Amino acid sequence: MDSQSSIDVVRLVGELDVSRRSELRTALSQATGGRAVLIDLGAVSYLDSTVIADLLRFRAEADENGRLVALLIGSRQVARVLEYAGLAQAFAVFDDRGRALTYLAGTSPT
Amino acid sequence: MTGRSELRINRDTADPSTPKAIRQALGAFLTALRIDSPLREDIIIAVGEAVANAVEHAYETRDPGTVELHAATDAENTLLVDVYDRGAFIERDLREGRGLGLRIVRAIARAVSIDTEGGTRVRMVFDTGAPADATEQTTF
């Protein structure tokens, strides 16, 4: 995890499945300082629903704290699993890092 | 795909490499069957969900168990995949907290059935499409 101004960036790589949940939870738990969080899945090639459930929980907590969350996605497979889960609209999803950061830096989130 | 092709895998649910190892073996099997993208990835996603379901509790509690995968083609361009879980969690309610995974499986597979007697078996049926050299019309 690194920090860009007040945006926390959680970067994960590889195949993110049930066996890596504790790693995911640890990474997400460290993203507490910023007013917005970019979850960088640009180098994630696979995602399962146990991970999506954790991301949903994280997003819900961030909502309660007034923090924006964006997902950066680089794999078609990850985009498709979100669609199949019926959650393509549940997250602010970007395939471009710059646009994701612009969204998170925005002062008037929609 | 005129003959019948099969894949059988049996893995320890508590081994963190199990989900990925099963997906890799399935991917190689699908490649050998000449099942291409995006169907290949979709089948891996669906079966990956069934495997994740099987190992989820075992992995978190470190209770031992096994997950078995059996995949087989038939003559009608259908791939049948069973994921068995014979671990210690035979009484669990598949629906509770696992709706997301099943929703994904149902979005991809043509048919899904779940049998929780003596363990948990998730059976998925996938249409694999007519092979390029098909000479007969297939009807279902």
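Q: In what order do the 5 strands of the open sheet in chain B line up?
A: This is a predicted model, where local features need pLDDT of at least 70, side-chain atom pairs count only at pLDDT 80 or more, and totals for chains, interfaces and linings use all residues. Residues are numbered from 1 along each chain as its sequence is written, with chains lettered from A and ligands numbered from 1 in the order in which they are written. Strands here are DSSP runs of E, at least two residues, and helices are runs of H or I, at least four, numbered from the N terminus; two strands pair if DSSP finds at least two bridges between them. The pairing in this sheet is antiparallel, and the order is β1-β2-β3-β5-β4.

Q: Which strands of chain B stand at the edges of that sheet?
A: An edge strand has a single partner, so one side of it is left without a neighbour in the sheet.

Q: At about what angle does α1(B) run to β1(B)?
A: Axes are lines fitted to C-alpha atoms, for helices over the stretch in contact, and angles run from 0 to 180 degrees between N-to-C directions. Contact means C-beta atoms, placed from the backbone, within 7 Å. α1(B) lies across β1 and β2 (66–73) of chain B, and its angle to β1(B) is about 170°.

Q: Which peptide bond in chain B is cis?
A: Most peptide bonds are trans. Pro38(B) sits in the loop between α1 (18–32) and α2 (39–61) of chain B. With omega near 0°, the cis bond is the one from Ser37(B) to Pro38(B).

Q: Is Arg34(B) buried or exposed?
A: Arg34(B) is also in the loop between α1 and α2 of chain B, and its phi is near 60°, a positive value in a residue other than glycine. A residue is buried if 20 or more other C-beta atoms (placed from the backbone) lie within 10 Å of its own, exposed if 12 or fewer, and partly exposed in between. Arg34(B) has 11 such neighbours, so it counts as exposed.

Q: Why is strand β4 (residues 68–73) of chain A largely enclosed by the rest of the structure?
A: Strand β3 (residues 36–47) of chain A runs parallel to β4(A), with 6 bridges, and Ile39(A) stands opposite Leu71(A). On β4(A) there's also a parallel pairing with strand β5 (residues 92–94) of chain A over 3 bridges, where Leu71(A) is opposite Val93(A). The strand is largely enclosed because of its buried residues, 5 of the 6.

Q: How many residues does each chain put into the contact, and which elements of chain A supply at least two?
A: The contact takes 15 residues from chain A and 17 residues from chain B. On the side of chain A that touches chain B, the elements supplying at least two residues each are α2 (49–64) and α3 (76–84).
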